[in-house]
Amino acid sequence: MKLAVSLLLLPLLLLQASESARSRCFCEVTGELDDCTCDVETIDHFNNKQLFPKLQTLLESDYFRFYKVNLNKPCPFWTVSSHCGLRDCAVKPCSPNEVPEGIRSPAHNKYSAEANEQLVDCEQAKQLGAVDVSLSDETREALLSWSKHDDEAERFCVVDDEASPDSQYVDLLLNPERFTGYRGPEAWQIWNSIYEENCFKPFTIRRPLIPSSSGSEAKTFYSWLEGQCVEKRAFYRLISGLHSSINVHLSARYLLDDSWFQKKWGHNVSEFRQRFDSELTAGEGPKRLRNLYFLYLIELRALAKALPFFQQPSFRLYTGRPEEDQNHKDLLLQILQLARSFPLHFDETSLFAGDEKEAAKLKEDVRLAFLNISRIMDCVGCFKCRLWGKLQTQGLGTALKILFSERQIEALPTSSVQRPSFQLSRQEIVSLLNAFGRISTSIRELKTFRSLLAEEP
């Protein structure tokens, strides 16, 4: 009789065990998010059912798969003793003939074939009888310096010089973000520098670290965080969300088998639990995942607000293949309109409100802090990690630039003859969409990990 009862109860016990494993990672990842009116469930449905498939198709197009980056810039903060020697850390740059002519040719405008035609017309007009407007070398250099300063004053991140001989095109589809084996003191130093020196935290407040965290440290840290202004809380959650997204990618594309005849990449549930299980992270894991959703909302809002810029008739995803370029622009606009239709957007007007002078100073402090974080990416020893770190920080920096350029975007000219007050370089556009693609993928991967955890014995 006892054996029969035990056999009857066994499926229930197994179900409870699997539910326990799943709940330890996702128990708090539900309901409304902090400082938002949106909930996790709405994001899951919107991303996984509507946006994710379209976005993946767009990111496979030539315009978005080729990213120009300088992976050889020296670390500006400390001496990097050596670069990662692991083979999975390597990045294979493109040969010139692999990149479409319309992307790599300096003769082309960064977006528009129409703009190139206008340049020819302007040159002809000059030759027919314009006044002498020649500039001295000193004046020309000063104007270039002013223009560069004006552009950089709007940016939240460092943008590599695309004209530099050290900058190379990389095919993102052939160099995917995944686990490379890069870890240890050097990798820890990167994130420690970001959190400890750039998140407005006093050194006397200790960030809850695993496995050394104590309950009192965590309580003190979150008490301090909740006492900060909404802007500084949001900044910390963005960085934590970015960190979490990267960890989800590494867990989802983990090297499961490395034999002499094959490499097998896939989901590593143990690695995921190590990073997000509530018991194994002293309660930090679910908080990290909630911050991932917060990051998703911020970048989604930026995409929605950027729609007027991309709707300009003169804007093209220019690769030199007119029919493909138009199809991909149409798909991009569909995605941006879908982003705009999201019902529970983050309200960025709650940021940098109040006294105008204090708000301006706070905004500049946040901009400089994030700018510094983007420079830290040049200290990453693993080249593949550096590639995706630079792309994702640049993408988030571009999203922040969009969010806080509302007036400039609203004032975009209706005529292509006028110079717009708001601009995005191709590098910023590619990083913006690919960075959001990484976050969208992370949200989608959480669904897979939920299922895998539920199947655990």
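A cavity is a set of grid points where a 1.4 Å probe fits but cannot get out, and its lining residues have an atom within 4 Å of a point. In this predicted model, Tyr67, Val158, Asp160, Ser374, Asp378, Lys390, Thr393 and Gln394 line the second largest cavity. The chain has 457 residues, of which 51% are buried, and its secondary structure comprises 17 helices and four strands. A search of the whole structure finds one disulfide, and the cavities of 30 Å³ or more number two.

**Overall fold**

- Among contacts in the chain with a separation of 6 or more, 81% are between residues 24 or more positions apart.
- The largest nonpolar core has 115 residues, and the members that touch the most others are Phe272 and Phe310. Helix 11 contributes the most to this core, with twelve residues.
- A second, separate core has five residues, including Phe66, Cys94, Val99 and Ile103.
- In soluble globular proteins, nonpolar side chains tend to be buried together.
- Leaving aside residues up to four places away in sequence, Phe272 is in contact with Cys25, Phe26, Val248, Ser251, Asp277, Leu289, Leu446, Phe449 and Leu453.

**The disulfide and other cysteines**

- Cys75 and Cys379 are joined by a disulfide, with an S to S distance of 2.0 Å. Such a link is a covalent bond between the sulfur atoms of two cysteines.
- The disulfide of Cys75 and Cys379 is right-handed, because the torsion about its S-S bond is about 75°.
- Cys75 is in the loop between strand 1 (66-69) and helix 4 (101-104), while Cys379 is in the loop between helix 14 (356-376) and helix 15 (383-403); the pair therefore ties together parts that lie 304 residues apart in sequence.
- Cys75 and Cys379 are both buried.
- Cys382 has a relative accessibility of 0% and so counts as buried, whereas Cys229, at 30%, counts as partly exposed.

**The largest cavity**

- The volume of the largest cavity is about 110 Å³.
- Its lining consists of Glu231, Ala234, Phe235, Leu238, Phe294, Ile298, Leu351, Phe352, Val366, Leu400, Leu403 and Phe404.
- Helix 9 (230-252), helix 11 (284-305) and helix 15 are the elements that each give two or more residues to the lining of the largest cavity. Helix 9 gives the most, with four residues.
- By residue type, the lining of the largest cavity has eleven nonpolar residues, no polar residues and one charged residue.

- Helix 15 supplies the most residues to the lining of the second largest cavity, namely three.
- This lining divides into two nonpolar, three polar and three charged residues.
- Lys390, one of the residues that line the second largest cavity, is found in helix 15.
- Lys390 has a relative accessibility of 7%; buried means under 20%, so Lys390 counts as buried.
- With residues up to four places away in sequence left out, Lys390 touches Tyr67, Val69, Asn70, Leu71, Lys73, Asp160, Met377 and Asp378. Among these contacts, Tyr67, Asp160 and Asp378 also line the second largest cavity.

**Backbone points of note**

- Most residues other than glycine have a negative phi.
- Asp35 has a positive phi, near 60°, although Asp35 is not a glycine. Asp35 is placed in the loop between helix 1 (2-26) and helix 2 (40-59).
- The relative accessible area of Asp35 is 32%, so Asp35 is partly exposed.
- Ala282, another residue other than glycine, has a positive phi near 55°. Ala282 is placed in the loop between helix 10 (269-276) and helix 11.

Definitions and conventions
Residues numbered from 1 in each chain as written. Predicted model: local features only at pLDDT ≥ 70, side-chain atom pairs only at ≥ 80, totals over all residues. Heavy atoms only, no water. Disulfide = S-S within 2.5 Å. Buried < 20%, exposed > 50% of the residue type's maximum accessible area, 1.4 Å probe, protein only. 1 Å grid on protein atoms, 1.4 Å probe; cavity = no way out; pocket = protein on both sides within 12 Å on 5 of 7 lines; lining within 4 Å. Points joined across faces, edges and corners; volume = space filled by probe spheres on them. Nonpolar A, V, L, I, M, F, W, Y, C, P; charged D, E, K, R; others polar. Core = buried A, V, L, I, M, F, W, Y, C linked by side-chain atoms within 4.5 Å. Contact = heavy atoms within 4.5 Å.
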